[in-house]
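My entries follow in the order in which I made them.

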Amino acid sequence: MKVPDQTQKAKAIPTIEFISLMACIMLLTALAIDIMLPAFTAIRQQFGLGKESTETARLVTFFFLGQLGQLAFGPMADRYGRLLVLRLGFLLYISACITTVLVTNFSALLIARFVTGLGSSAMFVSAIACVRDRFKGDAMAKTMSLIMTIFLIVPVVAPLLGAMILRFTSWQIVFLTPPSFALIFFLWSLRLPESMPDNTDVVSGGASLIKAVREVFSNSTFVRYSAMTTILFGAFSSYVGSSERIIGTIYQQPQLFVFIFGAIGASMALFTFLNARIVARLGAHQTLRILLGCYFAMAGLLFMMVFFWQEKPNIFVLFSLIGLLQSINLAIEPNSSALALESMGERAGTAASIYGTSYLVVGASVGSLIDSLLVDSVKPLAIAYVVGGGLAFMLGFLRKK
């Protein structure tokens with residue numbers, strides 16, 4: 001894979017190692033969510049929540065709300081460099097993960113999860129900026145797909161790992177597993193050189209920050225692809241936060257959770273890998289349009305099945321369709337992010353922070369609303385998929401002015 005000449009410093013480590021390291025940094029976000037899902041029942045018991053309580057979904061929501069930190073960390077990455085923000089993220093992530101096992105009430109647990117999300121946001125935005133420093137366009141889309149393929153090992157393995165840990169120890173040990181991995185990845189990241197372009201017009205002071213944000217939002221392509229990803233992430237995050245409850249409470253088959261969640265994770269990894277191959281042949285733009293069409297069609301099929309099936313849809317048929325939608329969504333994201341950030345150049349850190357905040361915070365907030373409606377039926381989730389798919393499809397086919 002050819003590396004652009006815009007920054008020679010990023011060449012200090014081999015491309016394969018760079019991609020692997022970026023994937024490991026990003027997978028800490030998924031690990032902080034997926035490994036704890038099997039522990040929701042134990043957490044309900046620990047904090048005196050009802051058996052059918054949806055409060056545990058807020059552990060996912062508050063983590064995503066921590067991604068608001070990207071609005072600060074993005075400009076910081078453009079001013080002070082990618083590495084400072086990356087290391088600050090590791091510090092916040094590790095310390096907050098440890099705090100989650102020391103708190104004594106559920107509100108404090110949510111606060112600790114928020115701070116964990118802050119740390120994750122710093123790592124996420126600096127990693128995205130590093131990738132943008134080194135690649136652009138189709139090359140970035142292909143690289144992000146490869147990163148996401150490694151990243152998506154987590155949804156396959158993490159729930160099984162969490163369930164195995166729970167079998168022999170406690171939910172606290174489950175929550176201490178992510179910071180253990182984070183420490184290893186932090187030590188590895190010490191090999192990573194600074195990649196911020198030397199000619200960056202740094203963001204310093206309020207006026208410069210406002211100027212940078214205005215430049216980012218004035219780019220209609222960036223706004224369009226960011227909106228697309230944000231819309232789709234609402235249903236995506238709702239599935240992540242509520243899948244344990246849908247399987248365990250609505251369908252009364254909690255023993256199937258880790259297997260269904262893991263199978264869908266494997267499907268997502270396969271789709272992101274295939275996306276990298278398709279992008280190399282068709283380009284990010286054409287690939288994105290094909291994926292959006294498939295997503296909208298699958299969402300429509302799910303909607304009709306949920307609303308016109310006489311009883312609850314068969315659990316395996318239901319999650320087969322949901323798995324396809326989640327997988328297509330994960331294949332869409334690397335393409336939309338590459339197209340959104342392609343023209344950002346020296347504003348990559350600020351642009352990445354706005355992009356990430358938009359889809360992770362706004363999308364997760366929509367997902368939280370959907371979670372609250374998933375009491376005894378999956379109809380709200382089906383509606384979210386088809387409405388989001390329709391809106392994203394329209395955005396994907398808007399003509400560039």
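Entry on α3 and α6. I began with helix α3 (residues 58-65) and helix α6 (residues 106-134), whose axes come within 6 Å and cross at roughly 40 degrees. This is a predicted model, and I read every value below with that in mind. Angles under 35 degrees would count as roughly parallel and those from 65 to 115 as roughly perpendicular, and α3 and α6 are therefore oblique to each other. I noted the hand of the α3 and α6 crossing as right-handed. On the α3 side the contact is made by R58, L59, F62, F63 and L65, and on the α6 side by F106, L109, L110, R113, F114, T116, G117 and S120. Sorting the residues of this contact of α3 with α6 by class, I have eight nonpolar, three polar and two charged.

Entry on the chain as a whole. Before going on to other pairs, I looked up the overall composition: the protein chain has 16 helices and zero strands. Of its 401 residues, 59% are buried.

Entry on α1 and α5. Next I turned to helix α1 (residues 15-34) and helix α5 (residues 82-100), for which the axes come within 12 Å and the crossing is at roughly 25 degrees. Since angles under 35 degrees count as roughly parallel, α1 and α5 are therefore roughly parallel to each other. Their crossing is left-handed. The residues I found in contact are I25, L28 and A32 of α1, together with L86, F90 and Y93 of α5. By class, this contact of α1 with α5 has six nonpolar residues, no polar ones and no charged ones.

Entry on α1 and α9. I stayed with α1 and looked up its packing on helix α9 (residues 171-189), where the angle is about 155 degrees and the axes are 10 Å apart. That angle makes α1 roughly antiparallel to α9, given that angles over 145 degrees count as such. Here too I recorded the hand, and α1 passes α9 in a left-handed crossing. From α1 the residues that meet α9 are E17, S20, L21, C24, L27, L28, L31 and A32, and they face P178, F181, A182, F185, W188 and S189 in α9. The contact of α1 with α9 comprises 11 nonpolar, two polar and one charged residues.

Entry on A182. Which residues does A182 contact, leaving aside its neighbours within four places in sequence? I found L28, F90, Y93 and I94. A182 lies in helix α9, and with 0% relative accessibility A182 counts as buried. I also took the C-alpha to C-alpha distance between A182 and L31, which is 9.9 Å for two residues 151 apart in sequence.

Entry on the core. The largest nonpolar core has 125 residues, and those with the most contacts inside it are M22, I43, L302, F319 and Y385. I followed up M22 and, leaving aside neighbours within four places in sequence, listed A127, C130, V131, I147 and L192 as its contacts.

Entry on S243. Is S243 buried or exposed? Its relative accessible area is 0%, so S243 is buried. S243 is found in helix α11 (residues 220-250), and, not counting residues up to four places away in sequence, S243 touches S238, F257 and F261. The C-alpha atoms of S243 and D371 are separated by 9.6 Å, although the two residues are 128 apart along the chain.

Entry on Q252. My last item was a backbone angle, since most residues other than glycine have a negative phi. Q252 is not a glycine, yet Q252 has a positive phi of about 55 degrees. Q252 is found in the loop between α11 and α12 (257-282). With 56% relative accessibility, over the 50% cut-off, Q252 counts as exposed.

Key
Residues numbered from 1 in each chain as written. Predicted model: local features only at pLDDT ≥ 70, side-chain atom pairs only at ≥ 80, totals over all residues. Heavy atoms only, no water. Axes fitted to C-alpha atoms, helices over the stretch in contact; angles between N-to-C directions. Helix = DSSP H or I, 4+ residues; strand = E, 2+ residues; numbered from the N terminus. Left-handed = near helix turned anticlockwise from the far one by under 90°. Contact = heavy atoms within 4.5 Å. Nonpolar A, V, L, I, M, F, W, Y, C, P; charged D, E, K, R; others polar. Core = buried A, V, L, I, M, F, W, Y, C linked by side-chain atoms within 4.5 Å. Buried < 20%, exposed > 50% of the residue type's maximum accessible area, 1.4 Å probe, protein only.
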